[in-house]
Amino acid sequence: MKPTDTVIPFSSESSRQKAEIDTGFDESSLDNVYFRQLFRSSPQAIVLLDNQDRVIDANRAFEDTFYYSVGEARGRSINSLIVPDELVAAAEQLSARTLAAKVVATETIRKRKDGSTCAVRILGYPIVSGDQQIGIFAIYDDISIRRRFERRLKLQGAAMDSAANAIFITDRDGRIEWTNRAFTRLSGYRESEAVGATPLLIDAKGSQPGLDPSEWRSLAGKGVWRGHVVSRHRDGHTYTVEQTVTPLQDHRSGIDHYVVVQEDISDRIEAEERLHHMARHDFLTDLPNRYTFNERLNVELDRASRSGRELAVFVLDLDHFKDVNDSFGHPVGDDLLVAVGRRLKRVLRDSSPLARLGGDEFGIVQVDLQDPENARGLAGRLLAAFDSPFVLRGQEVHVTPSIGIALYPPGLGDSKSLIKKADMAMYRAKQAGRATFRFYEEEMDHEVQTRMQLGQDLHAAITREELYLDYQPQIDLKRRDIIGVEALLRWQHPERGLVPPDRFIPLAEGSGLIIPIGRWVMETACAQAKIWQEQHGIALPVAVNLSSIQFRDPQFVESVERILKETGLAPELLELELTEGILMQASTRIERILQRLCEIGVRLSLDDFGKGYSSLEYLRRIPLQKLKIDRSFVQGIGNGSHDPVIVSVIVALAKKLGLELVAEGVETKKQLDFLEQEECDYLQGFYFSRPVDPTKIEQLLTRGTERISPVDIYKAL
Ligand code: C2E
Ligand code: CA
Ligand code: CA
């Protein structure tokens, strides 16, 4: 082979074969050193082939790429070494083209010694000596890595594009260069619209740090910016995102891109707000709840103590709300609470805090009191708001509130103690006959203690036999005779003495104790009536008072039947006194109970008539035998009030409905005369007899059948 004019790099190892393949290369020349260096240290695999495709020489990168040592490769056909079988034909063609004096470039697959394959880019140069092609100089560029990298980039791009979070990339000045699909979904802007703009495009508030690129520069040292940002959709609505801004650093030029990821958290924020609202508001009326009221009151107290102004805390509780629930049903009760909340709000008008403290209890704070009289004024307005009935589900419901007021600073104290004081004052208002208000006074603390103690003592009262019944006769005016008695419950407390029923029955109702106590009353009264009948031969009807709570006892009717059976008392000798609250029907359950009682043969009478709702509707529906005019009307007789007129009206009404009528609380001759004149037949009251023990009743009864005057009866006792 003749020396060529071609410059060919040789590895030093090839010197052994110099005799066989003489390329005429001058190793001592500078070029030789230079090219040998290049050949050896090239990161690309380089191989020198003769024109039969046999390896003459190869470099270190060749060894690294194809795993053959140069020694192994030398003299062997390159095709047998690194060309996959199916590509041998193509490889031979490639060699042929290269030998035909062309520089050939191609991307293809080659295999390694271990059988694995790699993608390569091959550059083939012909080696020409004179006019002869004597070999090929081939450079292999392993592009598997680049391919993998490209593929990964493509995958990452696709992932970013299909990510649920909105992503956009900006240049170093914050100009958007790329956006993903979620960005378009979230913001309403297509990528083409967003590119070139800054994120202020979607800023709802005007340069929030998260969206203002001029603020991002300060991130350089701090890394990632993370926070909530309110964005504006293309159509104007706003949404909140949790956003991260990540600066991408180029080690030479500093930050050159920002990647912004936005997660739409509007739903989460809304849910959080809802939860927050729910925790602080009453679900029924949507008024602030007790917790919020406390908090607000504390703020107001703070302000008041600094400004030296006074404030008043009101606790407002509906009267007989239980009866509304029992009579009209809970949905109406709920509606009532909502309607009351609205009315109260209207009265307060200003921003005075109003809350539902629980049940039928509302709290109000009146701030900046100039004068305690202002609190009195507000109390009056609150009461007046209940003058007209509430119309709920087509029914009229009358309720009144009892209001307690605690002033600050007189007693000072924190929010909780003020609410407690107002609460005590509210109980005072209840005791004073309801539908009124009371201011807190110091001695009420003691009162609450007593009430709690009493409630506890009551538990043991039945077993300790501290309860007993007195009986008050009912008189037939015309016949001057006793037509029946009302059983009235008494509690002989071991330390406190006689506790009046008005005091302990509400406690028994509150604790549910009224159910066993009520049963005991009925048993005792029935047994007593049976004794009078058997021992004295007199069938005297006995009336027993019922509490609305007793109607919640699912066994109520059964217990009445059982008591009648056990005592052997004829059902018509038992009269049950109901209050108007119970009768305001609406609840078909109560109506059914009353119907069943009527079927058993028990008599039903309506107590305290005229005092409650005064709806006459139910009088037709309920199987009543008797009305009892409330004591307050009778007491009005002779003192110039308009009550006598009401009594006349009730007498006429009872006659028309065919009901017996009893006037309660007759204390004077004057009242007696008026009632006689109005032809009210039956009377009950201190004028004839106070409630007395059974033996006194017996004395009365054994006087025989002769006619007796009311005064006689009175004297006889
Ligand atoms: P009530 O059912 O209206 O009973 C009549 C009340 O009026 C009785 O008071 C009686 O002593 C009183 N009274 C009778 N005549 C006169 C009079 O001429 N003048 C005045 N000023 N008062 C008179 P008492 O015994 O203190 O009972 C009060 C209330 O306690 C009763 O009112 C009734 O609602 C309730 N109560 C009493 N016993 C029971 C019971 O066994 N069960 C239930 N659930 N409630 C009862
Ligand atoms: Ca009664
Ligand atoms: Ca009564």
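Predicted model: local features only at pLDDT ≥ 70, side-chain atom pairs only at ≥ 80, totals over all residues.
Let me begin with the strand itself, which spans residues 481-493 and is mostly covered, with 11 of its 13 residues buried. On one side of the discussion is β18, residues 467-476, which pairs with β19 in the antiparallel sense over 10 bridges, and within that pairing Tyr-471 has Ala-487 as its bridge partner. These two strands form a hairpin with 4 residues between them, and Arg-480 in the turn has a positive phi of about 50°.

Strand β20, residues 497-499, is also antiparallel to β19 and is joined to it by 3 bridges, with Gln-492 and Leu-498 as bridge partners; here the hairpin has 3 residues between the strands. Strand β21, residues 542-545, runs parallel to β19, again with 3 bridges, and Val-542 of β21 stands opposite Val-485.

Now to the metal. The calcium ion (ligand 2) is coordinated by Glu-486 (OE), Asn-545 (OD1), Glu-577 (OE) and Asp-607 (OD), at 2.1 to 2.2 Å. Because Asn-545 lies in β21 and Asp-607 in β23, residues 603-609, the pair ties together parts that are 62 residues apart in sequence.

Terms used: Residues numbered from 1 in each chain as written. Chains lettered and ligands numbered in written order. Heavy atoms only, no water. Buried < 20%, exposed > 50% of the residue type's maximum accessible area, 1.4 Å probe, protein only. Pairing = 2+ DSSP bridges. Donors = N, O, S within 2.8 Å, 3.2 Å for Na, K, Ca; no water.
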